[in-house]
Amino acid sequence: MVAPAPRGGSDGRRGRPGAGPHGRAGLYHAPVAPGTRLVAIADEAAVCTRCPLAATRTQVVFGVGDPDADLLFVGEAPGRDEDLQGEPFVGRSGKLLDRLLDEELGIDRSAVYIANVVKCRPPDNRDPRPEEITACRPYLTEQVSLIAPRVVVTLGNFATKLLLDTDQGITKLRGASYPVGDTVLVPTFHPAAALRGGGVVLAQMRADFVRAKQLIGPVA
Ligand code: URA
C-alpha cells in the first residue's frame, strides 16, 4: 500500500468554534463528561477481552486529555509505567512528549488528547501483534471520530502505518502532512526514537510539532 500524497498549501482546518488547545481542557482519566459516548467506550474498553493482552495487563490505558482537543497524539502501546498508572505516555517517552508540547506549542498535555494504537501493554514491551492491533482498532477509530481533532500527530511507525494505511516507514513519511478524512495527519518519530537517536531525530520531531501547530492555526 502507498500512503496518500502529502498535503500542500491548505491547512485543513474545519472551524470548530471554541474548541482547541487553549479552550476547555479536562482529563478523561478523571472523566469530565459522564454519559458521553467517549466515556461509554472507555468503560467498555476497561473490561475488554478482545485479545490476549487482556490476560497480562494491569489495566487498560484508554487515553487522556481534552475530549474536544484540536490535536490528537497517537502512540504505539502502553509500557510498564503506563500499565501501572493507567495513563498514556507517563514514562521517559512521555516526559519528552510533555517537553516538546511545552517548548514547541506552549501547551501542556491537558490541552491535547493522547491515545495509543493498542490500549494494553504488550508483555516485555514487545511490538503489538497484527491481531492485537486489529482487535483494538475500533477503539481508536471511535476516539478519532468523537474527538474530531483538526490534526492527528502519529508517534512512530505503528500509529502512522495504521492511520495512513501504508507500509511505508516513518523516516520516509515524516516531514509532510496528509489529509485523512476530516483531519490532517502529521507523522513524526516516536519519542523513544529521539531518546535513542539524539539530536537529529529530536530536531526533526520539533519541526513536525511546529508543522502540527501551524496546521491548527489560531484558535478562537
Ligand atoms: N510508548 C507509547 O507508544 N505509548 C505510551 O503510552 C507510552 C510509551
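Which residue takes a positive phi in the hairpin of strand 5 and strand 6? Please take strand 6 and its surroundings from there.

Reply: Happy to! Please keep in mind that this is a predicted model.

Let's follow the chain into the strand itself. Strand 6 covers residues 183-188, and six of the six are buried, so the rest of the structure largely encloses this strand. In a regular strand, side chains alternate between the two faces of the sheet. Here, Thr183, Leu185 and Pro187 point one way, while Val184, Val186 and Thr188 point the other way, and all are buried.

Now for the partners. Strand 5, residues 178-180, pairs with strand 6 in the antiparallel sense over three bridges. Within that pairing, Val180 stands opposite Thr183. Strand 4, residues 151-155, pairs with strand 6 too, but in the parallel sense and over five bridges. There, Thr154 stands opposite Pro187.

The protein chain has a mean pLDDT of 88, with 84% of its residues at 70 or more. Residues 7-31, however, have pLDDT below 50, although this stretch makes 56 contacts in the model beyond near neighbours in sequence. Where pLDDT is low, the predicted coordinates should not be read in detail.

How values were computed: Residues numbered from 1 in each chain as written. Predicted model: local features only at pLDDT ≥ 70, side-chain atom pairs only at ≥ 80, totals over all residues. pLDDT = per-residue confidence, 0-100. Contact = placed C-beta atoms within 7 Å. Buried ≥ 20, exposed ≤ 12 C-beta atoms within 10 Å, placed from the backbone. Helix = DSSP H or I, 4+ residues; strand = E, 2+ residues; numbered from the N terminus. Pairing = 2+ DSSP bridges.
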